[in-house]
Amino acid sequence: MARAPRTTHQVAVIGAGIAGMAAATEAARCGLKTALFDDGLLGGLITNVGAVHGHPGQAGTTGADLVNTMLGEVLEAGVDYQPGAVSELTSLGGHWSLPSNGATALRVILATGAELRTLDVPGEAELAGRGVSQCAFCDGGLYKGRDVAVVGGGDSAFQEALHLAELCANVTMILRGRKPRARPTFVRQAADLGNMHFRWNTDVREIIGDDGVDAVRLQDQDGGEEETLAVSAIFPFIGLAPRTTLAPAQTTRDDHGGLIVDAGMQTDQDGLYAIGAARAGHGGQVAHAIADAKSAAQAAWRSI
């Protein structure tokens, strides 16, 4: 019988967001020698969330507190936690190499998450950090008592807008569609607030300002009419772009760049799994990420 390749770990989890930490913990509890590589974004995007929803037993806790709790579970399970980005991942026939980190593993679970999409309009890059923000919980206090705008119609956009409504004079939500995609409870809360306003079926064409944001130029998708809306800040939350560049180029992806996986979260590359926002069809909630993590870790355990 052929001997298994000599490796530093049985499982390497890349990405220390919620999905990555859950996968590493589960793999270690299955008795696998596991490493968790953190690229400096411990917790990922959820760290900036003021109140977590969709996680049984943790509803209402802050994202940062949830991250700290899960990191404690990672360390308690005996995971080899390694801060430091992974810049390269190579298949060596039967195992995987992380050459920049001096590590190899029989199985790799990609939990690299996603990054927030940008509007890609004039003024956005120039005014980033000076009125253009993608973290209302971080920057909302800078605009207390002023008028701001939030772009997007999903859960994240509504959560951020509801937080801003507690601080700002007026919050205008700009949605490309005719109805929101967010869960009904968020929509009802927003509709009940007197300082929340909505622009439906509307595109952002430009962000205007010199030293900071002064206004946004909007365009109605039907009549093509333009409007200049005076605001002091704009917060775009228009979806996520999966971070999957580490996966081999030939790995099958969907139209958005998410890695396509089977029921066990394995890609079409032997021994390579993808979970959370890195995979195609991810549900987007914390509970979904944790379910992915457990499925991948258990599938890896069964395959070794």
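**Notebook: Ser133 and the cores**

I began with Ser133, which is found in the loop between strand E7 (114-116) and helix H3 (136-139). The model I am reading is predicted.

I checked the exposure of Ser133. Its relative accessibility is 8%, so I count Ser133 as buried, the cut-off being under 20%.

Next I looked up its polar partners. The side chain of Ser133 reaches the backbone nitrogen of Cys135 at 3.1 Å. The Ser133 side chain also makes a polar contact with the side chain of Asp139, at 2.6 Å.

Which residues does Ser133 touch, not counting those up to four places away in sequence? I found Asp139, Ile234, Phe235 and Pro236.

I then traced the pairing of E14. Strand E8 (residues 147-151) runs parallel to E14, and four bridges join them. Val148 has Ala233 as its bridge partner in E14.

Last, I turned to the nonpolar cores. The largest has 50 residues, and Met21, Leu89, Val108, Leu110 and Ile275 touch the most other members. Among the elements giving two or more residues to this core are helix H1 (18-29), strand E6 (103-110) and helix H6 (286-303). Another core lies apart from it, with 21 residues, including Ala157, Val171, Ala182 and Ala190.

Leaving aside neighbours within four places in sequence, Val108 is in contact with Ala12, Ile14, Leu89, Trp96, Gly271, Leu272 and Tyr273.

Methods: Residues numbered from 1 in each chain as written. Predicted model: local features only at pLDDT ≥ 70, side-chain atom pairs only at ≥ 80, totals over all residues. Heavy atoms only, no water. Core = buried A, V, L, I, M, F, W, Y, C linked by side-chain atoms within 4.5 Å. Buried < 20%, exposed > 50% of the residue type's maximum accessible area, 1.4 Å probe, protein only. Contact = heavy atoms within 4.5 Å. Polar contact = N/O pair within 3.5 Å; in protein donor to acceptor, adjacent residues only side chain to side chain. Pairing = 2+ DSSP bridges.
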